[in-house]
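Morning, everyone. Please look at the chain on the screen, and let's walk through it together.

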Amino acid sequence: MADHTPGPWVVNDELKNIRIKRLKPPNYCVAIIPGVGLSLVKRKANAQLIAAAPELLAALEGAVARITDDHECMDCGNPVSHDADCLAVTLGAAIAKAKGT
């Protein structure tokens, strides 16, 4: 699989077509949600989900690594028994971004 455009990505809904663009320079567009067919609410929800893709991928890759490796918590350095709490926070943040909340 080819490398994707690095995140973070953000939603720009100032125009009729909702654009998902890269937050850091170069700020090029990575996707466009056309202004036809679906309601604005659905288009914004779809855009939020697309914009969250880099964080969702990173969170899932981190979850797999944490489940399969014996190590200290990647977020705070506490013993692995604490790792699940930090993992839940990381995954929760990615899910919240995907939902636009």
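The protein chain has three helices and three strands. Both are DSSP runs numbered from the N terminus: helices are H or I with at least four residues, strands are E with at least two. Along the sequence, the pattern reads β-β-β-α-α-α.

A word on sources. This is a predicted model, where local features need pLDDT of at least 70, side-chain atom pairs count only at pLDDT 80 or more, and totals for chains, interfaces and linings use all residues. Residues are numbered from 1 along each chain as its sequence is written, and side-chain values use heavy atoms, leaving out hydrogens and water.

Now burial. Buried means under 20% relative accessible area, exposed means over 50%, and partly exposed is in between, with a 1.4 Å probe and protein chains only. Of the 101 residues in the protein chain, 23% count as buried.

Next, helix α1, residues 40–51. It has 12 residues and reaches 16 Å from first C-alpha to last. That is close to the 16 Å expected at 1.5 Å a residue, taking 1.5 Å times one less than the number of residues.

Which residues of α1 are buried? They are Arg 43, Ala 47 and Ala 51. They cover an arc of only 70° around the axis, so they sit on the same side of α1. The arc is taken from the directions from the helix axis to the C-beta atoms. An α-helix has 3.6 residues a turn, so residues three or four places apart point the same way. On the other side of α1, Val 41 and Lys 42 are exposed.

Last stop: Gly 92, in helix α3, residues 80–99. Gly 92 counts as partly exposed because its relative accessibility is 35%. Gly 92 and Leu 56 are 36 residues apart in sequence, and 9.7 Å apart in space, C-alpha to C-alpha.
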